[in-house]
Amino acid sequence: MRPKNAVTSFFLIIFAIVICGYMLISVQNLSRASQIRATGVTVSVEEDIDIISVDIVRQDLSTYGMKMMLEDRNLRFCDYGSQLACTASVLRLHNIYYEVDTLYDFFYTNGLYPKDTNGGYKDVVGKAVRYEYDTDTYNSMYKNPYIEKTPVFNSKDIVKYLKSGVPVLARVTHPEIDRYWVLIIGAHNSDFIIMDPLSSTYGSLSQYSSRVYEIYTFISTTDITDTAQ
């Protein structure tokens, strides 16, 4: 029979190995996520995927006025303007209807955009600000649909969402702005199909070199009925 101390030490060693392995994987994932956010991932698709029919929501309508205007631009768009337009489009699949400017007010009022020391987005248009949704705040308030962020992803993840009927908000690089968002809604002829908030028709991700830096999804839940109104 083994001494109790030997058995205890054995399990402590196993436990320590598991913890160290978990920490190592976590560090690697954080490093990988940072790399993706900085340099992006070139995504590809080899099969056709049924297009998820979404409303085209433009972000450059004159009715939005200066609220969505980036300084020294003649287009009414900015870094978070495209994000809001894509979000407004996908929320309509869940029977939640906002125009881009009212969605902006809703997110700002409810703290879904992180605030900086100057008080938030309304005070820092055209300056360096944080662009990510406060997903925890959103998910604690309006859980149907909830926002899911996937910091480490590849082509297969996007395909998986699309095949489940879930559009993918993807950050790309626009020729005139570093951070620009489109909504991936399907695939055809080896190219992802997108809703581009600066276009009146569906487009293709290859317009943006098929390179993606961040993805978000809005996913329905069946056990929670609380929705944004």
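Okay, let's start with the overall picture: the protein chain has 229 residues, and 48% of them count as buried. Keep in mind that this is a predicted model. In terms of secondary structure, the chain comes to five helices and eight strands. If you read along the sequence, the pattern goes α-β-α-α-α-β-α-β-β-β-β-β-β.

Now, on to the charged side chains. There are seven salt bridges in the structure, and I'd like to walk you through some of them.

Let's take E214 to begin with. Is E214 buried or exposed? Buried, because its relative accessibility is 3%, and the cut-off for buried is under 20%. The side chain of E214 meets that of R179 in a salt bridge, 3.2 Å from N to O. R179 sits in strand 4, residues 177-188, and E214 in strand 8, so this pair ties together parts of the chain that are 35 residues apart in sequence. R179 counts as buried too, at 13% relative accessibility.

E214 also has a salt bridge with K149, at 3.8 Å, N to O. Here the link is between strand 2, residues 146-149, where you find K149, and strand 8, residues 214-219, where you find E214, and the two are 65 residues apart. K149, with a relative accessible area of 33%, is partly exposed. Zoom out a bit, and you get a network of salt bridges that links R37, K149, R171, R179 and E214.

Let's move to another salt bridge, the one between R92 and D55, at 3.3 Å from N to O. This pair links distant parts of the chain, 37 residues apart: R92 is in the loop between helix 2 and helix 3 (100-109), and D55 is in the loop between strand 1 and helix 2. R92 counts as buried, at 17% relative accessibility, while D55 is partly exposed at 38%.

Last stop, the surface. I51, I56 and Y202 form a nonpolar patch there, and together they have about 230 Å² of accessible area. I56 is in the loop between strand 1 (41-42) and helix 2 (79-91), and I56 is partly exposed, with a relative accessible area of 31%.

Definitions and conventions: Residues numbered from 1 in each chain as written. Predicted model: local features only at pLDDT ≥ 70, side-chain atom pairs only at ≥ 80, totals over all residues. Heavy atoms only, no water. Patch = residues over 30% accessible without salt bridge, like charges linked within 9 Å, V, L, I, M, F, W, Y side chains within 5 Å. Areas by Shrake-Rupley, 256 points an atom, 1.4 Å probe, with all protein chains shown as cover. Salt bridge = Lys/Arg side-chain N within 4 Å of Asp/Glu carboxyl O. Helix = DSSP H or I, 4+ residues; strand = E, 2+ residues; numbered from the N terminus. Buried < 20%, exposed > 50% of the residue type's maximum accessible area, 1.4 Å probe, protein only.
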